[in-house]
Amino acid sequence: MMAFGYQQELNRELSTFSSFAVAFSYISPSTGIFTLFYLGLVAVGGYLFWAWPVVVLGQMFVALNFAELSSHFPIAGSVFQWTKYLSGRTYSWFTGWIYLFAGVITVAAVVATLPIALLPMLNNMFGWHFNVTLGSTDQLVAAMVTLVLITILNIYGVKLVSIINNTGVIFEILGMVVFALIMAIVHNNQGIGVLFDSGDVKLTGSAFLVGMFMSLFVVYGFDTAGTLAEETKNPRAESPKAILGSIAGAFVIGAIFLVGTLMAIPNLSEAQTGFFGPQAIIEAVFASWAANLYLLVVTLAIFVCCLSIMTSTVRLMFGMARDNQLPFSKPLSKVNPRLHTPIGACIGVAVLSAIPFLQFTGATVIAVAATAMIYLSYFLGNLAVMRARSKGWPKADAPFKLGAWGKPVNVLALLWGGAMLFNLLWWTSDPASLRILTNPKATQTDYFGTGPLVDFHIGFLNSIPLMELIIGAVLIVGAIYYFTVGKSKEFAAITMPEELVEMPLA
């Protein structure tokens, strides 16, 4: 690590599979599909399946870029660190700042998702009466307990996190494949033709863009394997494998599960009008004990997803604080000598992730915010890489390299990211989409802005679409801090590892 100007403080304990498992858990096909399957089904029926390979292909361009970056710069901090080495200080700071809050909001989104599976399972198994209504107090309490638990586990070290992740990934993969195969073979109510059936809705280009949101929410976080590079053995060679392997594995598992679930729908029209998710479909075709088993598998998968997303976000906060780039950088960058974890950063991420729960509206709204913020930070990261490539980067060798394909892949990643960012910004301003998001069974379609999603009790704020409001708020707060305090803070000297590429990492 001294090749990059940092003392090695984090334990280098992760194997290639562990690094893959954390990235796969971040993506977690079962989590995102469980949360937003209903949205794609309402928008385009069975055609929601085709959004899956489209999104995976687009994100693979991004992943290839990030895999090459992780091979050159295997340092905690992902997009922030990569842009730091390839662009100016101000640009990299704002990219890291946006990505930090994207990670924080994603932690909140998946923590809010867990009660959607957990509470119905507990009600079914034990006869309890938790309120499973979206945004209920019971969901809020369960989400906050989950946030506390994953914070404690992250404090106690990446080794413990990796053990839980490795186990959880195996159960998630086996569970999704087994349930999908049983549905496709034993409960095949629709046939494979359902993939080309829009049901009661007309398939249009704009509807398909809305139907893509489930896949857009699922397929990100693969760069986590690069974020954990300082804790991975032989990271320059292994982190790129884990990044690409996680997205490929998620594609296969997610595709199998989507096909099986769509084929098992008893009645497509009723599923659309009833806003069925995987839970409703499985409960309709399986015995109660099997449906509860499915909810248990999903609950475990979501918990592991929560854990890995927090792990990634903590490393990003630690990476920025270590460079003295955040408020309270000193406590946030301190690594506990016994646990070898940045406890301050763990607590910092937990506190920030709790903010969306001050006015809790359910997981879906938070997921919208998280996804758009992630795609913006990915776009900014790819833009910095493209600028560096135009100036001749990379000049040094690395275990993983795109070579002559670097610029074409980079261009495709930018085109894809820009298009999807526009899609997400448009989606949260579209009245029909907002109706589905906030209250699927409502008939009101004549509103714009944030008000129907989150009521800030301030008129002009409620008139601003959600994404523009969140991105604007993060940028304004960041700009105030950076230009009044952050820019004048001492910045760690950048040691260019290109000159030291042949030196082994500690």
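**Cavities and helix packing**

In this predicted model, three cavities of 30 Å³ or more are counted.

The largest cavity has a volume of about 80 Å³. Which residues line the largest cavity? The lining consists of Tyr 26, Ile 27, Ser 28, Thr 31, Gly 32, Thr 106, Val 110, Phe 217, Val 218, Tyr 220, Cys 305 and Ile 309. At least two residues of this lining come from each of α1 (16–27), α2 (29–44), α5 (89–126), α9 (213–218) and α14 (288–322). Sorted by class, the lining holds eight nonpolar and four polar residues, and no charged ones.

Two of these helices, α2 and α5, also pack against each other, at an angle of about 75° and with their axes 10 Å apart. Angles of 65 to 115 degrees count as roughly perpendicular, and α2 and α5 are therefore roughly perpendicular to each other. In their contact, Thr 31, Phe 34 and Thr 35 of α2 meet Val 110, Thr 113, Ile 116 and Ala 117 of α5. The residues of this contact comprise four nonpolar, three polar and no charged. Thr 31 and Val 110 belong to this contact and also to the lining of the largest cavity.

The protein chain as a whole has 21 helices and zero strands. Of its 506 residues, 61% are buried. Among contacts in the chain with a separation of 6 or more, 83% are between residues 24 or more positions apart.

How values were computed: Residues are numbered from 1 along each chain as its sequence is written. This is a predicted model: local features need pLDDT of at least 70, side-chain atom pairs count only at pLDDT 80 or more; totals for chains, interfaces and linings use all residues. Side-chain values use heavy atoms; hydrogens and water are left out. On a 1 Å grid over the protein atoms alone, a cavity is a set of points where a 1.4 Å probe fits but cannot get out, and a pocket is an open set with protein on both sides within 12 Å along at least five of seven lines; lining residues have an atom within 4 Å of a point. Grid points are joined across faces, edges and corners, and a volume is the space filled by probe spheres set on the points. Helices (H or I, at least four residues) and strands (E, at least two) are DSSP runs, numbered from the N terminus. Ala, Val, Leu, Ile, Met, Phe, Trp, Tyr, Cys and Pro count as nonpolar, Asp, Glu, Lys and Arg as charged, and the others, Gly among them, as polar. Axes are lines fitted to C-alpha atoms, for helices over the stretch in contact, and angles run from 0 to 180 degrees between N-to-C directions. Angles under 35 degrees count as roughly parallel, over 145 as roughly antiparallel, 65 to 115 as roughly perpendicular and the rest as oblique. Contact means heavy atoms within 4.5 Å. Buried means under 20% relative accessible area, exposed over 50%, partly exposed in between (1.4 Å probe, protein chains only).
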